[in-house]
Each structure stands twice: as C-alpha cells, then as structure tokens.
Amino acid sequence: MSDQTDSPVLQPVTIGDLRLQNRIVMAPLTRSRSNDEGVPPDFAADYYAQRADAGLIISEATNISSQARGYAMTPGIWSDAQVAAWTPIVEAVHRRGGAIFLQLWHTGRISHPDLHDGALPVAPSAIKAEGQAFTNDGMKDFVTPRALETDEIPAIVEDYRRAAEQAKAAGFDGVEVHAANNYLLEQFIRDSTNQRSDVYGGSIENRLRFPLDVVRAVVDVWGANRVGIRISPATTEPGKTPLDSQVGRTFDTFVDALSEIGLLYIHDIEGVTQQTRDVPDGVDFQALRKRFSGAYIANNQYTLELAEKTLAEGNADLFSFGRPFLANPDLVDRLRTGAPLAEAPKQYWYGGGAVGYSDWPGMNGKIELS
Ligand SMILES: Cc1cc2nc3c(=O)[nH]c(=O)nc-3n(C[C@H](O)[C@H](O)[C@H](O)COP(=O)(O)O)c2cc1C
C-alpha cells in the first residue's frame, strides 16, 4: 500500500460557494431499490452516508414526474412522500460532513408503456431506440415513442421547476440536470433523435431551446451556483444512438449558453459511459472545458493516477467515480492509503435490498455513521 495523503486530488477545494472535502465526486448510480411509488428505502440513508467522504455525492437519477420514468424501481421527487423519504437521506449525509446534489431525470424514449399504464413514452420525435427497457417484468424491447406536441413542452419545463423546488424542500445542496446518456434532454439536443419542425427542432438554437429552458427554470429555483449539468457528447448509448451530425458545433453552442447562465459545473462523460474513453471525430472535451466558466467534472474510468495527471495538466477540477463507489463506501480513504478496491458483482447493481448495497464494509470494518 502506498500513502497518497498528499495527492492534490484528495485536498479540499472550493467550487462556487461550496467547500468540498476533496476533488472526488460520487457519480450518479441508479440502484433500483425504490418502491412502485418511486419512494427510496430507509436504508438508502446508510448507503449514501457511508459514502459521505466524497467531496460531493450526486444522487442516483431521480424522476421529475411520473411521465419521466423509464426504469422500474427508480426514485422520484415529484410527490411529498418522495420528499419525506429523501429528507433523512440528505440529513444522514450532512451529519457526516458530506454534500449531496440530486440528479434530475426524464428518460423520454428510453422507457416502456408498462411504466405508463400502457401509454407510449414521449420523445422529441417518434424514433425508436435500439435496446430494452427495465420493467417490473424484466427487460422489454423499447417501443416507438410518441412525439411531444409543441404545447406540451413548457409543461415539462414546469415539471423540472417543481422537481427542483421539491429537491430544495428535501434539503439537498443543489441539483444536477441530467442531459446525458440519450435521455430526454439529449434526445432534443441531437439531430439524430430530434427531427421536429417546430421551434424545438431544426437549427442548433432550436434543438437547445428546451434543454436551456429547463436549465433556466431550475436556476430560477436554486441560483446558478447550485446547479450543475451532466453531458455526454460522445455517447452512443443506450441503444446505439448516432451522434449529432455537427456534434462539435452543437455542444460548443450549448456549453457557451451554460457558461453565460453561470452554472456551477459541467459533468462530462468522456467517451461512452463504462465502455470506452475513445474520442470520436468532432468531439473535443478540452475545448468544451475551456469554453466553460465554471468547474469541470471529468468522468469515465478514472483512477487516482489518471485524475492526478489530468489535474496537473489543468484539464479538470473534479473527478467522478462511479463503479468504484459501489463496493467501496470508504473509497476516498482507500485511494489515500493505496488499499485494494473491492468489486461489486453485477447481481447487486440494480434491484434487491440492503444486501450488496448498504452492507459493504470499509477497509477497517463497519463505517460509523454518527
Ligand atoms: C450501476 C450503475 C448505475 C448508473 N446510474 C447512473 C445514473 O443514474 N445517472 C447517470 O448519469 N449515470 C449513471 N451511471 C453512469 C455512471 O455515473 C458513470 O458515468 C459510469 O459508471 C462511468 O464511470 P466509472 O468508470 O467511474 O464507473 C451508472 C453506472 C452504473 C455502473
């Protein structure tokens, strides 16, 4: 084991008005342990609090409305019962000195009628994704979604606004708008999934209109210094999604607008989440970072070593780790001491109870939560 106590990645840092314990972020991780009403379980408080040594925790993706749902057993933030369940989770993280943002989610076409009482999922255009949805009855093929009517879109912006208010009521420190991984907002951004002819489709400005309206509504609630956004310009998942035909220009324009709004951070999935860090033609993460005035959180297959190198080169401010947090609640301590990392078998990733979720020990045994 090697001592990494002096690693710059593990020192405190301030972004906006948030003082963070270190530059490690817990990436959002869907764990599918909520009930059919989208209420997270009480043992989620242990799970998140055990991981509160991260500089910042981003919660699992959380549905802004019933319409937003695309996966069984995922949590929501639209009902008061959901807020009541999130509140002790946030408090438990705060008791251990941590900070936690809620990730706001609408899945769009990455969904299934089983999650909507038989109704079609909604999307910018009626274009089916390749792949399968996670329903209560297992995996089922995606269907062709229903294209949203123009006048339905402002109502979804209001759903985001309300979800942001609900997140505030639950005590979160801020929110992250999920505009990555080809869920609804990214479906609007890309011309491969947005073939609308109204003010929400066609030109880059039109395709960015809805995502930027959402960001502004959320900023109205929180202030820009407590709002981040997740993007994945290079992803082809879920379901072999083609990139935007002018991906560089599209994301340059998007990031310029986000910078002008003054968002706290962009959280960039560099490559295809979990799969590759290869950069396709037309995508330049460093160029995006340079255009943006706030902090840059880098994600995808980071190790402490890669984070240190990237920080030294000035190419990121914070580093989010996803899979390593599954079985290593004390990941930051393990990185500090060079201790080996445990691996969570895939059977525990999605669904189930506390086993394989909130029962992973730290390297020195059970983690004390108060
Ligand atoms: C079990 C699991 C659940 C995930 N859930 C989400 C999610 O809810 N929201 C999101 O934006 N990304 C999600 N991701 C992607 C991760 O945040 C992250 O981008 C990915 O794991 C790559 O980072 P890593 O190499 O450090 O694991 C998930 C990944 C895994 C493995």
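Modeller: A residue counts as near a molecule if one of its heavy atoms lies within 4 Å of it. Keep in mind that this is a predicted model.

Colleague: Which residues come nearest to the ligand?

Modeller: There are 20 residues around the ligand. Of these, the nearest are Thr 30, Arg 230, Asn 299, Gln 301 and Arg 323.

Colleague: How many residues of the shell around the ligand are nonpolar, polar and charged?

Modeller: The shell can be sorted by class. Two of its residues are charged and ten are polar, and the nonpolar ones number eight.

Colleague: How far is a polar backbone atom of Gly 322 from an oxygen atom of the ligand?

Modeller: A polar contact is a pair of N or O atoms within 3.5 Å. In the side chain of Gln 103, an N or O atom is 2.9 Å from a nitrogen atom of the ligand. For His 178, a polar side-chain atom lies 3.1 Å from an oxygen atom of the ligand. With Gly 322 the polar atom belongs to the backbone, and its distance from a ligand oxygen atom is 2.8 Å.

Colleague: What share of the ligand's exposed area does the protein bury?

Modeller: Taken alone, the ligand exposes 610 Å². The share of this area that the protein buries is 96%.

Colleague: In what order do the eight strands close into a barrel?

Modeller: The pairing in the barrel is parallel. From one strand to the next, the twist averages 25 degrees. The order of the eight strands is β3-β4-β5-β10-β11-β12-β13-β14.

Colleague: Why is the protein chain described as being as compact as a globular protein of that length?

Modeller: The protein chain has ten helices and 14 strands. For 370 residues the globule rule gives 21 Å. The chain is as compact as a globular protein of that length because its radius of gyration is close to that value, at 19 Å.

Colleague: Where is Pro 238 found?

Modeller: The peptide bond from Glu 237 to Pro 238 is cis, with omega near -10 degrees. Pro 238 is found in the loop between β11 (227-231) and α6 (247-261).

Colleague: What is the phi of Asn 300?

Modeller: Asn 300 lies in the loop between β13 (295-299) and α8 (304-312). Its phi is positive, in a residue other than glycine, and is near 110 degrees.

Methods: Residues are numbered from 1 along each chain as its sequence is written. This is a predicted model: local features need pLDDT of at least 70, side-chain atom pairs count only at pLDDT 80 or more; totals for chains, interfaces and linings use all residues. Side-chain values use heavy atoms; hydrogens and water are left out. A polar contact is a pair of N or O atoms within 3.5 Å; within protein, one must be able to donate a hydrogen and the other to accept it, and residues adjacent in sequence count only if both atoms are side-chain atoms. Accessible areas come from the Shrake-Rupley method with a 1.4 Å probe; for residues, only the protein chains shown count as cover. Ala, Val, Leu, Ile, Met, Phe, Trp, Tyr, Cys and Pro count as nonpolar, Asp, Glu, Lys and Arg as charged, and the others, Gly among them, as polar. Two strands pair if DSSP finds at least two bridges between them. Helices (H or I, at least four residues) and strands (E, at least two) are DSSP runs, numbered from the N terminus. Axes are lines fitted to C-alpha atoms, for helices over the stretch in contact, and angles run from 0 to 180 degrees between N-to-C directions. The radius of gyration is taken over C-alpha atoms; the globule rule is 2.2 Å times the number of residues to the power 0.38.
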